[in-house]
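Please read these points with the structure open beside you. They are meant as a colleague's note, one topic to a paragraph.

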Amino acid sequence: MEELAACVTTNGSVLNVLSPENCDIEILDNGRTINDFIDNKIKELGSEDSEQPFYVANVDDMVKKHLRWITTLPRVKPFYALKCNSSPAVLRTMIALGTGFDCASKGEIQLALSLGVSPDKIIYAHTTKARSYIKYARTHGVNMMTFDNEDELVKISLCHPTARLVLRIAVDDTDSLRRLSLKFGATLGTVDKLLGRARELDLDVIGVSFHVGSGCTESSAFKQAIADARHVFDIASLLGFQMSLLDIGGGFSGRDDVGVKFEEVSEVINGALDEYFPSDSELEIIAEPGRYYVESSFTLAANVIAKRVVLDDTEHSDILEISPDKMIMYYLNDGLYGSLSSITLAPSLYKFVPYLPTADEGSEQKYRSIIWGPTCDSIDKLTDDYWLPELHVGDWLLIDNTGAYTVSIGTDFNGFERTHIYPVVTAETWHALNLSHA
Ligand SMILES: Cc1ncc(COP(=O)(O)O)c(C=O)c1O
């Protein structure tokens, strides 16, 4: 934890930024663990006759991720992508750790500024912005922003002519869960013309950005993207631009159990940076990680609010062939329209773990189960290929690794309340954060 001293914010004490009053954080003292917290919360809800789903946000996990980042990618400053999870405890943890922020809209910029983030620690990383949002950024001193097309340059020249622009290029993102270069990024063939247009408009282009896609599974994507960025730096130099910023975007996995490990990706990135942007150059290198910081730090506890046993159903005859006794449909109180729309894209990456199963899991009979969200829409399905011991109405399921693109996307469709978040931190980390600042 000594490394914390080097990175925690100098912008007000950690106690102020991340205090229990500010974001309802619970300090786990006297050896209490997150599991103890979950146990108590479930008992407490039971005694109140409530089955509201909830998240537990593990601040220690985010702090560990940050320490891992600064030791593994020392040349790259993280600008946390607020869109991924903008809950108060997450943002305040990032502020306490001293990261910058990637904001995608006026609302996100407003939120970051309202928490005391300095405008020069914000990159407005959206290439297609509303004019009023660009003006808002200018009025509030947010100058760094991305672009990838000529119309955007014209808009920026009218709304924020002194902006510090970052040219986002399209890169190979075929091995990513969410491909972003399908929608954003200038192709290498158009860079020359775009930079020429920026020059005509007297705009300052300070660097290049890219995004290899969210949930990238191929570290070579970063290497190729860094080589492409080098090519753009060279073109820009011929046109008279002195570029000083490289933004390697997001796409870093937030989990160690799926995809490429962070350390493996980092090794490739460090090698490519040394090859294409040797460390003696006057260059600031930033990244926009979202998933990396928060994916593994959230656990969802959802309640089985209803259940249907399917004994004989022609619609599900295929399932009943495999699971002859019965197939069971469960209805949880969070789902696609709640915070779990991302999970439905790749349900196989998630485990639905019964909370305190009544018997030893291994010896218990399991049934093929379909897990639905609570709304009246039939697309509100989490998985239809899951084997579970029989659950009962009122039981809880725990789903780990649910911090990325969950709570920031949820709706209250059908009147189901948004899932509450309980942030927790161990007393050890809490003291380390504060002591390291003292
Ligand atoms: C411009 C931009 N930066 C950063 C991110 C964060 O990506 P990730 O969560 O994969 O790190 C995204 C995600 O959509 C993005 O669009």
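1. Helix 11 covers residues 220-238, which makes 19 residues. At 1.5 Å a residue the helix should span 27 Å, and its end C-alpha atoms are 28 Å apart, so the two values agree. Bear in mind throughout that this is a predicted model.

2. Which residues of helix 11 are buried? They are A221, F222, A225, I226, A227, D228, A229, V232, F233, I235 and A236. The elements that cover these buried residues include strand 7 (164-168), helix 10 (191-200) and strand 9 (204-209). Strand 10 (214-216), strand 11 (245-247) and helix 12 (262-276) are also among the covering elements. Just after helix 11 comes G240, which has a positive phi of about 95 degrees.

3. Helix 9 takes in residues 150-159, and its buried residues are E152, L153, I156, S157 and C159. Against which elements do the buried residues of helix 9 pack? They pack against helix 8 (131-139), strand 6 (144-147), strand 7 and helix 10. At the start of helix 9, the backbone nitrogen of D151 has a side-chain oxygen of N149 within 3.0 Å.

4. The UniProt record, an unreviewed entry, places "modified residue: N6-(pyridoxal phosphate)lysine" at K83. In the model, K83 sits in the loop between strand 3 (76-81) and helix 6. K83 has a relative accessible area of 31%, so it counts as partly exposed, since that class lies between 20% and 50%. Apart from neighbours within four places in sequence, K83 is in contact with D102, A104, E108, Y405 and S408.

5. Which residues come nearest to the ligand? Of the 15 residues around it, these are S214, E288, G290, R291 and Y405.

6. In the side chain of H211, an N or O atom is 2.9 Å from an oxygen atom of the ligand. For E288, an N or O atom of the side chain is 2.6 Å from a nitrogen atom of the ligand. With R291 the backbone takes part: one of its N or O atoms lies 2.9 Å from an oxygen atom of the ligand.

7. UniProt, again in an unreviewed entry, lists C376 under "active site". This cysteine lies in the loop between strand 16 (366-372) and strand 17 (381-389). Is C376 buried or exposed? Its relative accessible area is 66%, so C376 is exposed, the cut-off for that class being over 50%.

8. How many disulfides does a search of the whole structure find? The search finds 0.

9. L97 belongs to helix 6, which runs over residues 88-97. Its relative accessibility is 2%, so L97 counts as buried. How far apart are L97 and H66 in sequence and in space? They are 31 residues apart in sequence, and their C-alpha atoms are 7.6 Å apart in space.

Note on methods
Residues are numbered from 1 along each chain as its sequence is written. This is a predicted model: local features need pLDDT of at least 70, side-chain atom pairs count only at pLDDT 80 or more; totals for chains, interfaces and linings use all residues. Side-chain values use heavy atoms; hydrogens and water are left out. UniProt positions are given in the numbering used here, feature names are shortened, and annotations may be inferred rather than shown by experiment. Helices (H or I, at least four residues) and strands (E, at least two) are DSSP runs, numbered from the N terminus. Buried means under 20% relative accessible area, exposed over 50%, partly exposed in between (1.4 Å probe, protein chains only). A disulfide is a pair of cysteine sulfur atoms within 2.5 Å. The expected span of a helix is 1.5 Å times one less than its number of residues. Contact means heavy atoms within 4.5 Å. A residue is near a molecule or strand if one of its heavy atoms lies within 4 Å of it. A polar contact is a pair of N or O atoms within 3.5 Å; within protein, one must be able to donate a hydrogen and the other to accept it, and residues adjacent in sequence count only if both atoms are side-chain atoms.
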